[in-house]
Amino acid sequence: MNRAVTVRRVGFLILGVNLGLVVAKALVWYRTGSLAIGSEAVNSLTDAIYSAVVLAGLYLTTQPPDVDHPHGHERIEPLVSLFIAMAIFAAGGAILWGAARALYAGEIAVATGPAAAVVLVGAGAAKLGLYRYCLRVGNDYNSPALVAAGLDSRNDVLTVGAALIGVLGARAGYPVLDPLAAAVVSLGVFYTGWEVLRDNVDYLIGRAPPENLHAEIVKRTIAHPDVEGVHDVVAHYVGPEIDVSVHIEVEGDRTLLEAHGIETEIVRAVRELPEVDDVFVHIDPKELGEWKEDETADRLLEFDSEGEG
């Protein structure tokens, strides 16, 4: 199945799960008045709203290249992920505020009956499954938005767990456990938001790829039998994908057709890496005196992915 179809399908699944959880939690909150359940309903409502935004963003990112966007639309994904990060921060703030207010006022409702626990256990199972699925598909298809949605689902597993502790603790005679657990979980929510924000800012500011991937690019370049050396290797993120520029050193007696063939084979070899988008190869004939030492390229060639350097 191609990337566009898969990514959109997962987007619809995320939205459907979150809408279902909003309805279930809201019904239980209406019947019990539990703060833990009410906070969870708000959290799921936030998830549903940003899921709709993510789905719209995923629709745009999976559109084919056009005249105005010759490299496609994948670079919208980090922006979508930043929106998710903001939603995560907002959810964390709402949970912390609700917990602090309940502790200060001392007004903590106790949910009776099995409905609250059943809904929370079901929500936890649904979010755990969504977390694993989104993370796997997001990594397989190099989709930052789906990875971010997966991390947020992991986050929701924690909030559901805290709500469950609160509900069961309150029924056991310790109602203060409800807002205390929510306050602790809000810290985990903030940390997840920071993870999503940090990763996607790197995509937007054009950070270099990880050392092992950078080294693989250089090794694939110099593996060509007619390449004597490489220098000025520049690889950086443009959105979730990587653009590469590299100078290769070749003997100057090559014909134009031979030089073109060398360049084409190197571009093909590097672009076989799924993370790489565009590759620009500059051919430096020996006779022009442009061959030079490059400590960075030498270090990357000696990089051992097994031993991490």
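The side chain of D243 reaches the backbone nitrogen of D278 at 3.4 Å, a polar contact (a pair of N or O atoms within 3.5 Å, where one must be able to donate a hydrogen and the other to accept it, and residues adjacent in sequence count only if both atoms are side-chain atoms). The model is predicted, with local features needing pLDDT of at least 70, side-chain atom pairs counting only at pLDDT 80 or more, and totals for chains, interfaces and linings using all residues. Residues are numbered from 1 along each chain, and side-chain values use heavy atoms, without hydrogens and water.

D243 lies in strand β2 (residues 241-250); strands are DSSP runs of E with at least two residues, and helices are runs of H or I with at least four, numbered from the N terminus. With 13% relative accessibility, D243 counts as buried (under 20% relative accessible area, with exposed over 50% and partly exposed in between, for a 1.4 Å probe and protein chains only). Beyond neighbours within four places in sequence, D243 is in contact with residues including R75, H236 and D277, where contact means heavy atoms within 4.5 Å.

Strand β1 (residues 229-238) holds D232, which is partly exposed at 31% relative accessibility. Most residues other than glycine have a negative phi. D232 is not a glycine, yet has a positive phi of about 50 degrees.

Turning to the helices, α7 (residues 211-222) and α8 (residues 256-271) pack at an angle of about 150 degrees. The two are therefore roughly antiparallel (angles over 145 degrees; under 35 is roughly parallel, 65 to 115 roughly perpendicular and the rest oblique). The contact is made by I217, R220 and T221 of α7 and I266, A269 and V270 of α8.

Technical notes:
Axes are lines fitted to C-alpha atoms, for helices over the stretch in contact, and angles run from 0 to 180 degrees between N-to-C directions.
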